[in-house]
Amino acid sequence: TVCESGPRAAIAASLLAQSDAVRNPDAVALADPDDRAHFTDGEARQLTYAQADRIVWNIAARLRSLGLTTDSVVGVQLPNTAEAALALLGILRAGMIPALLPMLWRETEIIAALSGVSAKAIVTASRIGATDHCAVAGRIAAGLFSIRHVCAFGTVASDGIVPLDDVFDAGTTMEPAPPRDGNPAMHVAVITFEPTPRGLVPVTRSHAQ
């Protein structure tokens with residue numbers, strides 16, 4: 001299926017993938033849009049369930065290797081590519097909480113959103129359209145004390161940016177994230193943001209939701 005955006009689509013895809021990855025590991029799980037090269041770096045990818053599952057583990061392991069802990073909030077601003085679905089699932093598998101950022105937001109909106117949830121990292125792409133999103137994320141990190149890491153897919157030339165493209169080739173080494181206290185289903189799974197007259201308000205959804 002061509003990647004679709006949105007927390008409901010991604011979480012539903014995660015549940016389906018868990019069963020389909022076991023039954024049909026060599027079936028196609030994710031396919032980039034054909035015009036990918038027009039709006040971001042990299043060739044269009046097509047991944048099987050087995051490949052996608054391995055990459056999700058690798059993303060989770062990379063985030064854990066940075067010292068990020070369970071329930072750390074990770075901002076995500078990615079275009080409509082396979083990486084968007086893989087990053088969201090990798091963050092969840094690492095036991096962390098993705099905060100989904102609209103594509104058109106820039107520094108002001110993102111700083112306002114992520115400061116309200118004490119985000120610890122940002123995952124983005126090197127280029128989205130004509131915009132250097134590594135530079136955008138770097139400026140956001142400089143303006144937010146809580147942000148410790150900026151991670152990016154694509155051609156990463158900026159110092160201090162954690163490159164992620166190697167997760168497509170690496171072997172899986174990570175064990176499952178440590179269990180949460182209490183009922184895991186009631187912990188926050190994903191954060192979106194609602195514009196209100198008082199500014200951007202975080203909207204949390206639990207794993208049960």
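Six helices and 11 strands: that is what this protein is built from. Please keep in mind as we go that this is a predicted model. The protein has 209 residues, and 47% of them count as buried. Its exposed surface comes to about 10,400 Å², with 55% of that supplied by carbon and sulfur atoms.

Let me say a word about how the chain comes together. If you take contacts between residues at least 6 apart in sequence, 68% of them join residues at least 24 apart.

Before that, how confident is the predictor? The mean pLDDT of the protein is 87, and 89% of the residues reach 70 or more. Confidence is highest in strand β3, residues 73-76, at a mean of 98. It is lowest in helix α1, residues 7-23, where the mean is 57. Over residues 1-7 the pLDDT is below 50, although this stretch still has 15 contacts in the model beyond near neighbours in sequence. So much for confidence.

Now to the charged side chains. How many salt bridges does the structure hold? There are seven. Let me walk you through some of them.

Start with Arg36 and Glu83, whose side chains meet in a salt bridge at 2.8 Å, N to O. Arg36 sits in helix α2, residues 36-39, and Glu83 in helix α4, residues 82-93, so this pair ties together parts that are 47 residues apart in sequence. Are these two residues buried or exposed? Both Arg36 and Glu83 are buried.

Next comes Arg127, which forms a salt bridge with Asp41, with 3.2 Å between the closest N and O atoms. What does this pair tie together? Arg127 belongs to strand β6, residues 127-128, while Asp41 is in the loop between α2 and β2, so the bridge connects parts 86 residues apart in sequence. Arg127 is partly exposed, at a relative accessible area of 23%.

Then we have Arg139 and Glu107, a salt bridge whose closest N and O atoms are 2.4 Å apart. Here the link runs between helix α6, residues 133-143, which holds Arg139, and helix α5, residues 107-115, which holds Glu107; the two residues are 32 apart. Arg139 has 46% relative accessibility and counts as partly exposed, and Glu107, at 22%, counts as partly exposed too.

Let's stay with helix α6 and look at Cys134, which lies there. With a relative accessible area of 4%, Cys134 is buried. Which residues does Cys134 touch, leaving aside neighbours within four places in sequence? Its contacts are Ala125, Ser126, Ala152, Val156, Ser158 and Ile161. As for Asp159, it is 25 residues from Cys134 along the chain, and the C-alpha atoms of the two are separated by 9.7 Å.

My last stop is Thr124, in strand β5, residues 121-125. Thr124 is buried, with a relative accessible area of 1%. Where does its side chain reach? The side chain of Thr124 comes to the backbone oxygen of Gln77, at 3.0 Å.

Technical notes: Residues numbered from 1 in each chain as written. Predicted model: local features only at pLDDT ≥ 70, side-chain atom pairs only at ≥ 80, totals over all residues. Heavy atoms only, no water. Salt bridge = Lys/Arg side-chain N within 4 Å of Asp/Glu carboxyl O. Helix = DSSP H or I, 4+ residues; strand = E, 2+ residues; numbered from the N terminus. Buried < 20%, exposed > 50% of the residue type's maximum accessible area, 1.4 Å probe, protein only. Contact = heavy atoms within 4.5 Å. Areas by Shrake-Rupley, 256 points an atom, 1.4 Å probe, with all protein chains shown as cover. pLDDT = per-residue confidence, 0-100. Polar contact = N/O pair within 3.5 Å; in protein donor to acceptor, adjacent residues only side chain to side chain.
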